[in-house]
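Good morning, everyone, and thank you for making the time. I would like to walk you through one model today, going from the whole chain to a few individual residues. Please have a look at it first.

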Amino acid sequence: MLEKIRQDLSPTGATLVAVSKTKPEKAILALYEKGQLDFGENRVQEFTSKVESLPKDIRWHFIGHLQTNKVKYIAPSVYLIHSVDSFKLLREINKQAKKVDRIVNCLLQFKVAAEETKYGFDRSSAKAMLDNPAFSELKNIRILGVMGMATFTYDEVQVRREFRQLKSIFDRLKDNYFIEQEDFREISMGMSNDYSIALEEGSTMVRIGSLLFGSRR
Ligand SMILES: *Cc1c(COP(=O)(O)O)cnc(C)c1O
C-alpha cells in the first residue's frame, strides 16, 4: 500500500504523513525501514513514548486536539503541529517553544466540515487572531499553512467542496498575511478515504492511517 500511495503522491509532490496512532512501534519501524520518516500521532502520552523509543530522525507530527496544559510535553520534539485551533493554544506553544529554545512549526486548523464537533478556526476567528498585534510578537512559532478535515461521508461532491473551501482559505491567508513568507505553503488535507480528492484540490500533505496500517477498530 505504501508504494501505491507514493505513486499517487509523486506527481503532486505532496508529503505523506503516516498516521500511526494506536499502532505498535514495530509497525512504525516496518515503514521507517522503507524510508518513511513522517509519522502522525494524536495523543500526547503515546506521542512522547514513541518519540523516546523510536529513531531520532523521525519527524513527528501532532494531528489531534491539543490541550494547552499538555503542550510542554511535545514542544521539545514535535516537527509540526497540524491542529492549532485557538489563539490561546498558539500562545502556549510559543511559550513552551521559547523555554526549549525552539521555533515550532504549526498549521492553523480550519473547520470546513458540516459536522458540529470538529475543532478549528473559521475565517473570522482566524482573522481576529492574525490582526491582533500580539500575534506578531510570537517569535517561537512559525505558521506553515492550514489543516482541515472533510465531513465523513460518501458524498464526493460535498468532500470536494469542503477541500476547495480550505484551499480558498489558504489562498486568502497567503495573500493577506503571509505573502512574504515562502514557507507558508502547506495544505494538510486528505485521509485514507478521501486523499485522492484532496490531492486534486491542492493538498500538499496527506495524513493516512488505516490504509497503511490496517483499520483501528
Ligand atoms: C486518525 C486521523 C487521520 C487518519 O485517518 P485514516 O482514516 O485512518 O487515514 C488523519 N487525520 C487526523 C486528524 C486523524 O485523527
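Predicted model: local features only at pLDDT ≥ 70, side-chain atom pairs only at ≥ 80, totals over all residues.

Of the 217 residues in the protein chain, 49% count as buried, where buried means under 20% relative accessible area, exposed over 50%, and partly exposed in between, with a 1.4 Å probe and protein chains only. Residues are numbered from 1 along each chain as its sequence is written, and side-chain values use heavy atoms, with hydrogens and water left out.

As for the overall form, the chain has nine helices and eight strands, these being DSSP runs numbered from the N terminus, H or I of at least four residues for helices and E of at least two for strands. The radius of gyration of the protein chain is 17 Å, which agrees with the value near 17 Å for a compact globule of 217 residues; the radius is taken over C-alpha atoms, and the globule rule is 2.2 Å times the number of residues to the power 0.38.

Let me turn to L80, in strand β4, residues 80-84. L80 counts as buried because its relative accessibility is 2%, and, leaving aside neighbours within four places in sequence, its contacts include W60, F62, L107 and M205, a contact meaning heavy atoms within 4.5 Å.

Now to charge. The count comes to eleven salt bridges, a salt bridge being a side-chain nitrogen of Lys or Arg within 4 Å of a carboxyl oxygen of Asp or Glu. One of them pairs D38 with R59, with the closest N and O atoms 2.8 Å apart. This pair links distant parts of the chain, D38 lying in strand β2 and R59 in strand β3, 21 residues apart. D38 is buried at 6% relative accessibility, whereas R59 is partly exposed at 30%.

E162 is found in helix α7, residues 156-177, and a polar atom of the E162 side chain lies 3.4 Å from the backbone nitrogen of A114.

Conventions:
Polar contact = N/O pair within 3.5 Å; in protein donor to acceptor, adjacent residues only side chain to side chain.
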